[in-house]
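This report describes some helix contacts and a metal site. Look at the sequence and structure below before reading on.

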Amino acid sequence: MLIHSASQLITLAGGPQRGHQLGQLGLLSNAAILIQGGKIVAVGDSDQLLAEHPDEPALDAGNRVVMPGFVDPHTHLIWAGDRAEEFEMRLEGKTYLEILAAGGGILSTVNATRQASLDTLIGESRPRMQSMLEHGTTTAEAKTGYGLETETELRMLEALLALDEQSPLQLAITFLGAHAIAPEYKDDPQSYTDHICKDMLPAVRDWWPENQELPFVDVFCETGAFDLTQSRQILARAAELGFPLKIHADEFDNLGGAALAAELGAVSADHLVATSHKDIKTLGKSDTVAVGLPGTPFGLAEEHYTPAKAILDAGGILALATDLNPGTAWCENMQFAIALACRYMGLTPAQAIAAATINAAAAIDLDDQVGSLEPGKQADLLVLNTPSYQHLGYRFGTNLVDTVIKKGEVVYQSHA
Ligand code: NIG
Ligand code: FE
């Protein structure tokens, strides 16, 4: 297939973008892209590629933007039920961590998820995946973490593997048994930590299909969840078992999770709202990707966002994600994360686009396959309904995606 007549083709060629290099779009005008066997074969001038490949089935981009599919590197895609009542409680003055401490929050979704069958989990999560895809996300990370006991956590992994198989949206799976202290261990977080290390991580290792790359292991390092020592214990044990690492760090309090991620060679450290200057510097010197989740402070109506400028000043690799989850940010749309990042993290549209594609791919260790439009890479791309890339960020609240292509196949087309 030849997609031609793109007003702007955003290639994002050249790999992940560190520090103030962020925002190099590799823009081509009047451009085309040739796809064969689900892969990108050539990118270049529209007239020239049309002349060279007259018999190739053509798709006319109609003088609009063509860009890589979004990569959403942090989602809690799979859960049962909703927390609409809690949203109302928060607006009436209760905080997120107060609700969690009272046995609600994550723990209320844990209750619903433990009771849900495999089919229910798949059935409730599939429409969210479809919505992500329709908003231009072609690859996403997806976590467990609403089981907090081996059986339900494994059921969540099974549901995620099935969803990955069934949907064109490609998933990178994460085990987040350390998302909260399980209710059975309410007064003894250390015993739950030990249980994760001794029993749950090896159980996941044994259960995981041999023909699949091991999932990431993630920890919620936060007041009221796992402290720094417990987070280190879990991540070090996971590394010993061969799992690649991620961390939820400094969403509310600066416990030091970002520096821990850099020290342990984690693939990403996510949230980073309360991170100290010292830890930002440490992170900036490492290859750990810093993932900002602007939908989360927005969803909680909080004032502070990930300090993007400080991360770029420190030379960090900055990515964006939705954090899609039932508590803080039920948002399937990376375009909205970009719009928020432009306003509250101070990114330009070009920087936010790079953070939502090639750098987001690096945050799930897939930057050799997705996140840019370069020969040899997977043909995951979007035709936007806009003449120039700045419309991303500038506009919000509607879907700017016209066509979604995954591995060379059209998987969504708007009827606008
Ligand atoms: O990334 N902070 C921990 N996990 C999610 C929230 C999950 C929930 O509230 O259900 C987050 O914000
Ligand atoms: Fe999260």
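## Helices α9 and α10

The crossing of α9 and α10 is left-handed, meaning that the near helix is turned anticlockwise from the far one by less than a right angle. A258, A259 and A262 of α9 touch D279, T282 and L283 of α10, where contact means heavy atoms within 4.5 Å. By class, this contact has four nonpolar, one polar and one charged residues.

The model is predicted: local features need pLDDT of at least 70, side-chain atom pairs count only at pLDDT 80 or more, and totals for chains, interfaces and linings use all residues. Residues are numbered from 1 along each chain as its sequence is written, chains are lettered from A and ligands numbered from 1 in the order in which they are written, and side-chain values use heavy atoms, with hydrogens and water left out.

## The iron site

Which protein residues are donors of the iron ion (ligand 2)? They are H74 (NE2), H76 (NE2), H248 (NE2) and D323 (OD), lying 2.1 to 2.5 Å from the ion. Donors are N, O and S atoms within 2.8 Å of the metal (3.2 Å for Na, K and Ca); water is not among the atoms, so sites may look incomplete.

Along the chain, the donors follow the spacing H-x1-H-x171-H-x74-D. Both H74 and D323 are buried, which is defined as under 20% relative accessible area with a 1.4 Å probe, protein chains only.

Terms used
Helix = DSSP H or I, 4+ residues; strand = E, 2+ residues; numbered from the N terminus. Nonpolar A, V, L, I, M, F, W, Y, C, P; charged D, E, K, R; others polar. Buried < 20%, exposed > 50% of the residue type's maximum accessible area, 1.4 Å probe, protein only.
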